[in-house]
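Q: I would like to learn how to read strand pairing and helix packing in a model. Could we go through one case together?

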Amino acid sequence: MRVLFLNPPFLPRYSRSQRSPGVIRSGTLYYPLWLAYATGMVEREGFDTRLVDCPANGMDDDAVLSLIRSWQPEIVFIDTSTPSAESDLDLAQTIQRQFPETWVFPVGTHVTATYEETLRTYPDLRGVCLGEYDETVMELCKRKARSEDLVGTPGTAIVNPTPTLSGQGRSNETGTINTTLTLPNLGEGSSDFSPKIGGNEEGIDLVVQHRDKIKDLDSLPWVSQVYRKHLRIEDYFYSITRHPVITIITGRGCPFHCMFCLYPQVMHGHQYRTRSPQSVAGEFEYIRQEIPSVREVFIEDDTFTVDKNRTRAICEELIRSGNRLPWTANARTDVDLETLSIMKRAGCRLLCVGFESADNEVLKGMHKGQNSDRGICFREDARRAGIMIHGCFLLGGPGETRESLETTFQYATKLSCDTAQFFPIMVYPGTAAYQWAKENNFLHASGYRDWLNETGQHRCLIDTPDLSAKELMAFCDEARRRYYLTPRYFLQMTRTLIRHPGETKRVFMAFRRFARHLF
C-alpha cells in the first residue's frame, strides 16, 4: 500500500516545522521533522512511502495533484501550520474531492488545536490526526490495508458516518478517551477567522479519541535515515549551524510552561521523554559514516538540557564513541559550568538560548521560570567553556512596556551573544499566549494568513494598551540594526572568525541572506 507524507506548497522556502513558521529572513529552512519521523515509522512496517517537501523542492499544487494522480497513494498525510492553514486545508480538501477513495488526513499543530473548526470548515475531510501522530498514522495505514473502519482510531478526530448521542464520553482500556461531539452549524462567518463553514442544520458528529504519548523514544526510527532516502540534505539551512546540517531529536516534551511555546502545549506535552545515550551516539555515528557531507547536527529538543545527568550521560557517550561532529542544541540559562564544559568536550559548538527579557516581571508573565541575572552568569560560563551562544529575545509579552523593551536591548548588548534575534511575540491556537491575547482582545486578525506579511515574514498581531503591534515590529527591526551594525559587533565577529575559521562559510551564507533586512 502506498502512503504519501506531504509538506504542502505555500510560499517559496516556507519553514513550516519551526515553532514560529514563516519565510525566515536569514534563509533558514527547517526539515519536515515530524513528518519524517512518521514516514520512518510507516516505512518500517513495510508500506511503500514517499516524503515530499514542497517548500524545499518547489512543487506547486498542480504538481502535487499530478503526483497523486500518477502514483495513486491510498493515504495522504498533509502537514499544517497556522499561517498556511487555509492553503494547506484547501489542498487537502481538493485532494479528497478529486480522489475520493484516498484517505486524506491533515496533521500537525494547527489542526490539533482547531480540529472542530477545521472539520466544520472543510466538510469533505474524513478527519484529522491529533498531537503526536507517529503511532496514529501507522495504525491508520494498517486499518486502511485491512479495510477496517477508521472511526475510533486513537489520536484522531473523525467525522462519524453513523452519528450517536452527543456529549457521550468513556474511557477505554488503553486509558485514552473516546468522545462523541455534535457540533452545530454556526453559519457564515461564525468561525474565529475562516468564512468557509461546512456542515448542515443538524451539525456534524465527531468521534474524538486521544492517544498516549510515545514513552520509548528508542523505538522511533533514526530520522537521519529518512532524510537520506527521501530528501536532499543540501536544501535545508539553519543560519546558526554549519551547512549542511542534520536535525534530530533526543527527547520530546518540555517540563517548563512558557506561555508562547507551541510544541509542548499542542503536540508533545510537558513530560520530557528521552532516547538513551547509546541511541543518540549511534545516530551521530550513522550520520558521520553514511552522510559524510554533513558538517553539524542540530539537536532540536525543546530543551536539551532539562536533565543535567542525562545531558552529561549523552556527552560522555559521544566522547567515548569518538564523536567528531559538532552539534548545536536548545538550552535554558540554568546550565552550570561543569555541564557546559562536558558538552564542549563532546562536540557542542553552540547553544540556542531563550533569554527573552531583562525584566523579571515580564519573564514571570511569560511563565518562563528564570530570571535575567542568571542569564548573565550563564553567558559568562558559556564563554569560559568555549561554547557559542545564539540569544533569543521575545518581545511584547504580558507587562511589556517601551521602557522594558529598551532595558532588554541593553541587556542583550551586555550579554554580547555571538548572534541574537529580536522577535515579537507570536501567538498560535492551542497556546496560553493565544488564550491571553483572545481573552484580552489584543489579537487583531481577519484570517490565519494575517500571521505573515505578503512575502511570508512574521507579522505581529498583538496590540496591548502599552504597545501596538506596529511599535513592536519597528522596535525589533531597529534592535537588529543596533545590535549588528556596530563597530563592537564587527570586531567581535572578526575575533570569532580568527579563532574559529570553520565559521566563515556559515557567517557569509547567513549574512548574504540576512543583509537586505538590515540595510
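Q: Which residue in E2 does Val3 stand opposite?

A: This is a predicted model. Val3 stands opposite Thr49 of E2. The two strands involved are E1, residues 2-7, and E2, which pair in the parallel sense over six bridges.

Q: What holds strands of a sheet together, and in what order do the four strands of the open sheet lie?

A: In general, backbone hydrogen bonds pair the strands of a sheet, in either a parallel or an antiparallel way. Here the order is E2-E1-E3-E4, the sheet is open, and the pairing is parallel. Strand E2 (48-53) and strand E4 (103-108) are the edges, each pairing on one side only. On average, neighbouring strands are turned by 20° against each other, with direction ignored.

Q: Which strands does helix H3 touch where it packs on the sheet?

A: Helix H3, residues 61-71, touches E1, E2 and strand E3 (75-80). The direction of H3 makes about 175° with that of E1.

Q: How do I read the packing of two helices, and at what angle do H12 and H14 pack?

A: Read the angle and axis distance, then the handedness, then the contact residues. Helix H12 (337-345) and helix H14 (372-385) pack at about 35°, their axes 9 Å apart, and the crossing is right-handed. H12 contributes Leu337, Leu340, Ser341 and Lys344 to the contact, while H14 contributes Phe378, Asp381, Ala382, Arg384 and Ala385.

Q: How many residues of this contact of H12 with H14 are nonpolar, polar and charged?

A: Five are nonpolar, one is polar and three are charged.

Definitions and conventions: Residues numbered from 1 in each chain as written. Predicted model: local features only at pLDDT ≥ 70, side-chain atom pairs only at ≥ 80, totals over all residues. Heavy atoms only, no water. Axes fitted to C-alpha atoms, helices over the stretch in contact; angles between N-to-C directions. Left-handed = near helix turned anticlockwise from the far one by under 90°. Contact = heavy atoms within 4.5 Å. Nonpolar A, V, L, I, M, F, W, Y, C, P; charged D, E, K, R; others polar. Pairing = 2+ DSSP bridges.
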